[in-house]
Structures are given as structure tokens and as C-alpha cells.
Amino acid sequence: MTRTEPDAEAFVDTTERLMRLESRLSPLQAGLLAAHHLGIARDSRSFSRLLDIEHALVLREITALEETGELLSVTRRDARTMRTFYESGPEGARLLAAFGIPPS
């Protein structure tokens with residue numbers, strides 16, 4: 001079985017569009033939402049590895065998004081590995097729905 005590579009162009013486009021729609025998003029935060037929406041990564045460790053970003057940095061951005069309460073919601077945490085699973089919150093889902101791209 002071969003693994004399909006994520007669509008880098010769609011990821012970058014979605015990330016940039018999110019940043020234009022919501023000015024308070026950092027590039028990494030917008031990338032987290034885009035990656036989940038496009039089915040590229042649904043947890044912090046996968047996102048970190050795919051983009052070759054320090055996991056601690058990704059965790060910090062997830063925490064910042066979670067604190068807003070509406071853009072992202074954490075669904076599960078692994079205490080041993082610190083892997084954090086997340087999904088779009090109500091506001092994040094609303095922003096992504098504006099693109100007309102169905103979630104993967």
C-alpha cells in the first residue's frame with residue numbers, strides 16, 4: 001500500500017486564506033486548522049513531523065488557539081508523549097466552511 005502525499009498547494013492556499021479571514025491567526029495556527037480540515041494531520045505530533053517543526057512549538061500554538069475557545073478544540077491528550085488531538089472549534093469550522101472545501 002502506498003501512502004498518498006498531502007496536497008501542499010491546497011494546504012498553503014487554505015492556510016493563507018485563513019490568515020486573511022482571521023487576522024489574529026499566526027501562520028502556524030492557520031496551518032493547524034488547515035491541516036486538520038484537509039485531513040493532513042489531526043494531532044500535534046503528526047503536524048510537527050510533516051512540517052519539520054518542533055513539537056513544543058506546535059503544542060504552544062494549540063494551547064493559544066484552545067484558549068480562544070472557539071477556533072480549535074482539543075479532543076484528547078496523551079500524557080506520555082504530549083501528543084494532542086484536536087479539531088476545529090465552532091468559529092474555526094465557520095471560517096473553513098466559507099471556502100467551500102468539504103472536510104476530509
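In which strand is the place of Ser 88? Ser 88 sits in strand β2, where strands (E, at least two residues) and helices (H or I, at least four residues) are DSSP runs numbered from the N terminus. This is a predicted model, in which local features need pLDDT of at least 70 and side-chain atom pairs count only at pLDDT 80 or more, while totals for chains, interfaces and linings use all residues. Residues are numbered from 1 along each chain as its sequence is written, and side-chain values use heavy atoms, with hydrogens and water left out.

**Strands β1 and β2**

- Strand β1 covers residues 72-77 and pairs with β2 in the antiparallel sense over 5 bridges; two strands pair if DSSP finds at least two bridges between them.
- Arg 77 has Thr 84, in β2, as its bridge partner.
- The hairpin of β1 and β2 has 6 residues between the strands, and Met 82 in this hairpin takes a positive phi near 70 degrees.

**Ser 88**

- Ser 88 counts as buried because its relative accessibility is 19%.
- Not counting residues up to four places away in sequence, Ser 88 touches Leu 33, His 36, Leu 71, Leu 72, Ser 73, Ala 93 and Leu 96; contact means heavy atoms within 4.5 Å.

**Pro 90**

- Pro 90 belongs to helix α5, residues 90-97.
- Pro 90 counts as exposed because its relative accessibility is 55%.
- The C-alpha atoms of Pro 90 and Ser 26 are separated by 18 Å, and the two residues are 64 residues apart along the chain.

Technical notes:
Buried < 20%, exposed > 50% of the residue type's maximum accessible area, 1.4 Å probe, protein only.
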